[in-house]
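Me: Could you take a close look at one single part of this predicted model for me? I'd like to hear what surrounds that part and how its two sides compare.

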Amino acid sequence: MCLPLSLAAQQNKLTVEPVKELTIKPGGTAVETLRVVVEPSFHVNSDKPKDEFVIPLKLTWIRGPLETEYTHYPAAEEIKVGDQMLTVFTGAFNIETEFKAPESSTPGTSMMTGKLRYQACNNQMCFRPATLEIRLPVLFQ
Amino acid sequence: MTRLTGRRFSVLIAVAAVIIPLCSCSGSSATRAASHPAKERKSAPDFTLRDANGSLVKLSDYRGKVVLLNFWATWCGPCTLEIPWFIDFEQQFKSKGFEVVGVSMDEEGWTAVKPYIAQHKMNYRVLLGDDSVGELYGGVDSLPTSFIIDRDGKIASVHVGLAEKNEYIDEIENLLGAKQARSSGSSVRHVPAALVGGAAK
């Protein structure tokens, strides 16, 4: 199991629970679920914010042997801050990614590396955008 | 590693004394504000940044005016709530010796900031900030963070997080009034009620 590593000096308003090893067969697919927790009283922007200037939450797999088939984010909540309606995530939620292994994969272990970028606020203030590094161990059967 | 000169070190210590007690609490949901009596005020650290036209602007150029120095970003919802107030303040108080100076902390730079300025019809000067200026003011980890600076270039109050519009108005009017009291020959320096006591809210 690996813990995500914070890349940016920031106050962690969002954490990702430890990631379990993903087992996959050559040519096969598998779904990895990231459990994300936002600190109480805070929110992070959803993956599809309404305001063009707002920074969305985004998971990007940047390195590793697997292809990303899709990334699925949960339904966002709508909250009102002042006159603004925002689409946000709060509390604990899941982000799913379906991966596909190359046919040429050989048995053994490897690592996928991803980045989760987010920007957190509460009703009074916002914190600068931050990025968590996600490391996902992969076991090829 | 750059060595700090004695003067720069003194400024850092002075600003830290104002800001660190606020920033250490910034993880809570509460807005933080602190006001300081005139005699206890520390100098606002000077900096030079570029505005949207590419001109270099020094904070010390505003000496003699009351300045609302607002650290903000285009992605910051609470900042967006305050900006219409600042537009009003600029219109209402400019002729009395007041200026709003916005310092954007957007990492994307003018690409993000210029369209925002246009869309929100911001009528005051906006500068593009950087980490080094942020550090001069305690890191500015949370936005909005605003400093009300008196005519002598000293920090009269600090607001971390969304503040009350009337609180700003009271502070600005009191600081503008302080100038009038001095120039009229009064030996009594007008210290605004809101700035006496210096306790964080």
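Reply: Happy to! What covers the buried residues of helix 3 of chain B includes strand 2 (48-50), strand 4 (66-72), helix 2 (77-93), strand 5 (98-104) and strand 6 (125-128) of that chain. This is a predicted model, in which local features need pLDDT of at least 70 and side-chain atom pairs count only at pLDDT 80 or more, while totals for chains, interfaces and linings use all residues. Residues are numbered from 1 along each chain as its sequence is written, chains are lettered from A and ligands numbered from 1 in the order in which they are written, and side-chain values use heavy atoms, leaving out hydrogens and water. Helices (H or I, at least four residues) and strands (E, at least two) are DSSP runs, numbered from the N terminus.

Helix 3 spans residues 110-119, and its buried residues are Trp110(B), Ala112(B), Val113(B), Tyr116(B) and Ile117(B). They sit on the same side of helix 3 of chain B because they cover an arc of only 155° around the axis, taken from the directions from the helix axis to the C-beta atoms. Buried means under 20% relative accessible area, exposed over 50% and partly exposed in between, with a 1.4 Å probe and protein chains only. In general, an α-helix has 3.6 residues a turn, so residues three or four places apart point the same way.

On the face turned away from the buried side, helix 3 of chain B carries the exposed residues Thr111(B) and Ala118(B). Lys121(B) follows the helix, with a positive phi near 50°.

Note on methods: Contact = heavy atoms within 4.5 Å.
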